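Please find below a note on the model under review.

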Amino acid sequence: MAARHDQTADPALLDALLQGRRGTAFFARKLNELTDAELDGGTLLPGWTRRHVVAHVGYNARAIARLIEWAATGVETPMYSSPEARNHEIEFGATLSPIALRHLFDHSAVHLNVEWRDLPADAWHHKVKTAQGRTVPAEETVWMRTREVWMHAVDLDNGATFNDIPAPVLERLLGDITGAWRTRGTDTALLIKVERTIAGSGLTFGDTSAADPTIITGPLAAVVEWAAGRGTGGVTASGPGAAGGTLPAPPKWI
Ligand code: ZN
């Protein structure tokens, strides 16, 4: 019989799993607060209704579960057969009945959790490939999922905010976003300063080598919300890219 507890004993990985499971529970709570009719409403993502977001989060869990099966068996099973197949699946999922959509989210989340739970400790180091073609150890899937559930709970646009997302998740997310900018070379002379919080000192992200950068400043949650293209509240800008105090649009992230 399969074990009923995680097979890994790595404290960092167990901590990461906890963060992912909390995010899933948070998304579930926001979804459960919506009536069936409200699923037709809009989100923070252009062109996507709440139906699209729920379908995407459900299929994302299934896709990540395929990576865990890959790590467990050594049989290559990609997240999606193609980007078109991924998009088609979301468009189809958005047409499901409310009850089917809710089941998709619930069942896929439970399935992924079981796959994670039962993955042998050493298999967490096995290499798998993300939808973007990056080769990563299976443990990276925990962060991939964590990021999705916390952010898309905000995208549902029924009350969740970036302030609900735990600070360690926000910090890593900001690292991902600014890292993507750097890879593309779109972060030139853009410096992001996170204001000092009670928990610790201030943080700096972005192009730290620029002589005269445009500086975006604000509390962690507000800065991440801006960087992710989800809103502009609570941040201020200064420097050459902020003429007249206007806040520049963030470079594209995904
Ligand atoms: Zn997503």
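**Zinc site, helices, sheet and domains**

1. Along the chain, the donors of the zinc ion follow the spacing H-x91-E-x3-H. They are His-56 through NE2, Glu-148 through OE and His-152 through NE2, at 2.0 to 2.1 Å. Donors here are N, O and S atoms within 2.8 Å of the metal (3.2 Å for Na, K and Ca), and a site may look incomplete, as water is not among the atoms.

2. The model is predicted, so that local features need pLDDT of at least 70 and side-chain atom pairs count only at pLDDT 80 or more, while totals for chains, interfaces and linings use all residues. Residues are numbered from 1 along each chain as its sequence is written, and side-chain values use heavy atoms, leaving out hydrogens and water.

3. Helices (H or I, at least four residues) and strands (E, at least two) are DSSP runs numbered from the N terminus. Glu-148 counts as buried because its relative accessibility is 14%, and His-152 likewise counts as buried at 6%. Buried means under 20% relative accessible area, exposed over 50%, and partly exposed in between, with a 1.4 Å probe and protein chains only.

4. Helix α2 (residues 50-73) has 24 residues and reaches 35 Å from its first C-alpha to its last, close to the 34 Å expected at 1.5 Å a residue. That expected span is 1.5 Å times one less than the number of residues. Of the 24 residues in α2, 19 are buried.

5. Both ends of α2 deserve a look. At its start, a side-chain oxygen of Thr-49 comes within 3.2 Å of the backbone nitrogen of Arg-51. Just after α2, Gly-74 has a positive phi of about 80°.

6. Asp-157 is placed in the loop between α5 and α6 (167-184). With a relative accessible area of 42%, Asp-157 is partly exposed.

7. Which strands pair with β3, and in what sense? Strand β5 (residues 214-218) pairs with β3 in the parallel sense over five bridges, and strand β4 (residues 203-206) pairs with β3 in the antiparallel sense over four bridges. Two strands pair if DSSP finds at least two bridges between them. Lys-193 has Thr-217 of β5 as its bridge partner, and Ile-192 stands opposite Phe-205 in β4. Strand β3 (residues 190-194) is largely enclosed by the rest of the structure, because four of its five residues are buried.

8. Strand β5 is mostly covered as well, with four of its five residues buried. Three bridges join β5 to strand β6 (residues 236-238), and these two run antiparallel. Within this pairing, Ile-215 stands opposite Ser-238 of β6.

9. The protein is divided into domain 1 (11-160) and domain 2 (167-245), with bounds that come from an automatic or database domain assignment. The centres of the two domains, taken over C-alpha atoms, are 27 Å apart. Eleven residues of domain 1 are in contact with seven residues of domain 2, where contact means heavy atoms within 4.5 Å.

Note on methods
Polar contact = N/O pair within 3.5 Å; in protein donor to acceptor, adjacent residues only side chain to side chain.
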